[in-house]
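Here's a walk through a structure you can follow on screen. Have the sequence open next to the 3D view as you read.

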Amino acid sequence: MTDDSAAAGRMLPGVHQWLARRRQDAGLRQYVVYAAAVFIFALFAVILRDDGFLTASNLLNIGRQAAPIAVMAVGMTFALAAAEIDLSVGAVTALSSLVAAEAVGSYGFVAGAAVAVAVGAGIGLVNGVIAVKVRIPSFLVTLGMLGIVSGIARNMNNLQSLPIRNDTFLAIFGAGSVGPISSLLIWTVVVGVIGHFVLHQLRWGRHVLSVGADRSAAGALGINTDRIRITALMTSAAAASFAGVLLAGRLAIGRHDLGENLLLTVIAAVVIGGTNLFGGRASVAGAIAGSVVMAMLNNGLILMGLRVADQLIARGVIIILAVALSMREQKET
Amino acid sequence: MTGAAGTPALEVEGLCKSFRAVRALDHVALSLHYGRVTALLGDNGAGKSTLVKCISGVYAPDAGVVKVDGTVQAVASPEAARSLGIETVHQTLAVIDPLDVVENLFLNREHTRGGRFGAWLGVLDKKRMRAESGEILGRLDIRIPSLRRSMSALSGGQRQAVAIGRAAAWGQQIVLLDEPAAALGVEQAARVLDLIRSLRDAGVAVLLITHNMDRVTEVCDRAVVLRQGRKTAEVDVGEVTKDDLVAYITGARTGGPDT
């Protein structure tokens, strides 16, 4: 027996142990999303090979479309982890693209992004305070907020798109790149790394998970559950507004409906990624992988020649399947 | 730090708590002493858990005062109770399933790293917490297969041990245990009693809610009996029999040598 095979022999029980531990912690499911991403990629690479799925420009396009979904999904991960949900995110994204466009014109690119994100965080604060202090479930508060914010966005520029002419803003938040890497991709990675760090390495991240898993237990240990729930909803809205900045940067406009239809896509991405729809389990990396899956599906459905109506149906079916999987997991534990 | 053994750690006077028309606690008085174990007895619905929740800041009492070391304190929240050195093991254990053992032991008492900025951000010092968790559990002779296991992968007894270990680790003065050995096997229940004894020997004032009269006579110094929200008896455990205790609980007898 050579040294190599002896080492391999020693490693195998290690792998077994690792698998056994994962299974015991019910954590194997969190890797399903990566397998799904590879599977869907391979599937489309084969069946859509004549439709240009594998071309560099199409892959780049998928990446660009995944970016705002992923940024929103990272924020939504924290809302769901806290056992809340934020249905206002698509509307916040749209409003924020308009706010960014407006502010960039008047005050420059830094203020453009900062004001947009601040407005988002403010909307999240209102969502959170109403949900927590008035004791209304967050899905109702944010559903109402979705309407309010959509209305404000439609009033803001009379349904017209607002062009952005600040080249620095467009380079940093949209069309630019560092070497061959699109700035949108860089922002996605930055948001993902920060989100992962916050969830796993910061006290706040662990408290969000605790409150989502068992609010009364977290409260009995002295955690300020109101503050955690409010800040979790602020995080999702702030992330959604940053996604609005990225959409505005990519398209060089702000418009009342940018990202408005992404709500279901984002929720599906997060849940496919292994985050529990009812709190207590969350994965930022999974949410990003889920976003790539959703972007690939969107792209593939278009390349297949499906009409918009059929795309909607397909996406609806996918989210129901993902949630069904999450519910089953919930009942098992 | 605990005071001298036998001196009062926690005193409750005239505590009242109602839920709508139901008087859960009616002018209840109670005192816990350093280095002593006090049993809190009573039938289901007598108000035991409500009393514990009032002391640990989960419920706000309608009237009455809570004194710690002779000073009146407002225990307005669980956090306020914890910072006064009052730790509680609730019936539900209050462990967080998706977090691991270390995270549960240190929940809301986390160590941070990275100096002041790290503390402000709340950057967890996982290495230090893991090392200290090993010490805490070792000191209490609590055996957990892996500190990095999530709580949901542990057995009922192990979960209970972690909850008690957490209370013992942070409850430097006062530990309230709401049925800590319910639903445990014989051996595990015996270990919980050992834990209670080691807390007592360390000078901690312990309150123990239980339905098991054997445990009362084994570890408790005094027993307080609640019935329908009122204190009906307070006795030295050494001076009564188990049958006496049961008679107080069922209401067949009231009073007691000291009341």
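## Polar contacts between the chains

A polar contact here is a pair of N or O atoms within 3.5 Å; within protein, one must be able to donate a hydrogen and the other to accept it, and residues adjacent in sequence count only if both atoms are side-chain atoms. By that rule, chain B and chain A share nine residue pairs in polar contact, both residues at pLDDT 80 or more. On the side of chain B that touches chain A, the elements giving two or more residues are α2 (78–83) and α4 (115–121) of chain B. Of these, α2(B) gives the most, with three residues. Helices (H or I, at least four residues) and strands (E, at least two) are DSSP runs, numbered from the N terminus.

Sorted by class, that side of chain B has twelve nonpolar, five polar and eight charged residues. For this sorting, Ala, Val, Leu, Ile, Met, Phe, Trp, Tyr, Cys and Pro count as nonpolar, Asp, Glu, Lys and Arg as charged, and the others, Gly among them, as polar.

## Ground rules and confidence

This is a predicted model, where local features need pLDDT of at least 70 and side-chain atom pairs count only at pLDDT 80 or more, while totals for chains, interfaces and linings use all residues. Residues are numbered from 1 along each chain as its sequence is written, chains are lettered from A and ligands numbered from 1 in the order in which they are written, and side-chain values use heavy atoms, with hydrogens and water left out.

The pLDDT is the predictor's confidence in each residue, from 0 to 100. Chain B averages 90, and 96% of the residues score at least 70. Within chain B, helix α7 (residues 186–201) has the lowest confidence, with a mean of 86, while helix α3 (residues 101–105) has the highest, at 96. For the model, ipTM is 0.88 and pTM is 0.89.

## How much gets buried

Taking contact as heavy atoms within 4.5 Å, 25 residues from chain B and 22 residues from chain A take part. The area buried between the two chains is about 2,000 Å², with carbon and sulfur atoms giving 57%. Buried area is the accessible area (1.4 Å probe) that two parts lose on being put together, summed over both.

## Salt bridges

Side chains of opposite charge can pair when their charged atoms come close. The cut-off is a side-chain nitrogen of Lys or Arg within 4 Å of a carboxyl oxygen of Asp or Glu. How many turn up across the interface of chain B and chain A? The rule finds one salt bridge there: B:Glu103 with A:Arg206, whose closest N and O atoms are 2.8 Å apart.

Over all chains, the structure holds 21 salt bridges. One of them joins B:Glu79 and B:Arg109 (3.3 Å, N to O). That pair links distant parts of the chain, 30 residues apart: B:Glu79 sits in helix α2 and B:Arg109 in the loop between α3 and α4 of chain B.

## Strands and hairpins in chain B

Two strands pair if DSSP finds at least two bridges between them. Strand β1 (residues 8–19) runs antiparallel to strand β2 (residues 22–33), joined by eight bridges. B:Phe19 has B:Val22 as its bridge partner in β2(B). The two strands form a hairpin with two residues between them, and B:Arg20 in the turn has a positive phi of about 50°.

Five bridges also tie β1(B) to the antiparallel strand β4 (residues 63–68); B:Glu13 stands opposite B:Val65.
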